[in-house]
Amino acid sequence: MKVTALIPDELVNDVKHFAGGKNLTESLVIALEEWLSLKKIHSLNDQISKQPLQFSKDFSAAKAREVNRKR
């Protein structure tokens, strides 16, 4: 998608520096993907804090290790 946006030069320079892309477009894609990943993690953390994961009553670490070793 082609986009025209007015972005302050300092912000663009920081994004290029920290994202490390070959050009501005690649740097923006990297930055947006990282931002989106963080937002998804925050959303998942919010969901888990509202409804925490629970182990089943018959869970044991030994059983889990045995299942993983069979794979």
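A residue counts as exposed when its relative accessible area is over 50%, as buried when that area is under 20%, and as partly exposed in between. By that rule Lys70, at 67% relative accessibility, is exposed. The structure discussed here is a predicted model, and its chain holds three helices and zero strands. The chain has a radius of gyration of 21 Å, whereas a compact globule of 71 residues would have one near 11 Å.

**Overall form**

- Read along the sequence, the helices give the pattern α-α-α, and the secondary structure includes zero strands.
- Ala62 and Val15, which are 47 residues apart in sequence, lie 46 Å apart in space when taken from C-alpha to C-alpha.
- Ala62 itself belongs to helix α3 and counts as partly exposed because its relative accessible area is 47%, a value between the two cut-offs.

**Surface and burial**

- Of the 71 residues in the chain, 6% are buried, and the chain exposes about 7100 Å², of which carbon and sulfur atoms supply 57%.
- A nonpolar patch on the surface is formed by Leu44, Ile48 and Leu53, which together have about 300 Å² of accessible area.

**Helix α2**

- Lys40 is also found in helix α2, and Lys40 counts as exposed because its relative accessibility of 55% is over the 50% cut-off.
- Between Lys40 and Ser27 there are 13 residues in sequence and 20 Å in space, the latter taken from C-alpha to C-alpha.

**Charges and the salt bridge**

- The chain carries 12 positive and 9 negative side chains, and the centres of these two sets lie 13 Å apart.
- Side chains of opposite charge can pair when their charged atoms come close.
- In this model the count comes to one salt bridge, which is formed by Lys70 and Glu66, with their closest N and O atoms 3.7 Å apart.
- That pair meets the criterion because a salt bridge requires a side-chain nitrogen of Lys or Arg within 4 Å of a carboxyl oxygen of Asp or Glu, and the closest N and O atoms of Lys70 and Glu66 are 3.7 Å apart.
- Both partners, Lys70 and Glu66, lie in helix α3 (residues 61-70), where they are four residues apart, or about one turn of the helix.
- The two partners fall into separate accessibility classes, since Lys70 is exposed at 67% relative accessibility, while Glu66 is partly exposed at 47%.

Technical notes
Residues are numbered from 1 along each chain as its sequence is written. This is a predicted model: local features need pLDDT of at least 70, side-chain atom pairs count only at pLDDT 80 or more; totals for chains, interfaces and linings use all residues. Side-chain values use heavy atoms; hydrogens and water are left out. The radius of gyration is taken over C-alpha atoms; the globule rule is 2.2 Å times the number of residues to the power 0.38. Buried means under 20% relative accessible area, exposed over 50%, partly exposed in between (1.4 Å probe, protein chains only). Accessible areas come from the Shrake-Rupley method with a 1.4 Å probe; for residues, only the protein chains shown count as cover. Lys and Arg count as positive and Asp and Glu as negative; His and the chain ends are not counted. The place of a charge is taken as NZ of Lys, CZ of Arg, CG of Asp or CD of Glu. Patches are made of residues with over 30% relative accessible area and no salt bridge: like charges are joined within 9 Å, nonpolar side chains (Val, Leu, Ile, Met, Phe, Trp, Tyr) within 5 Å.
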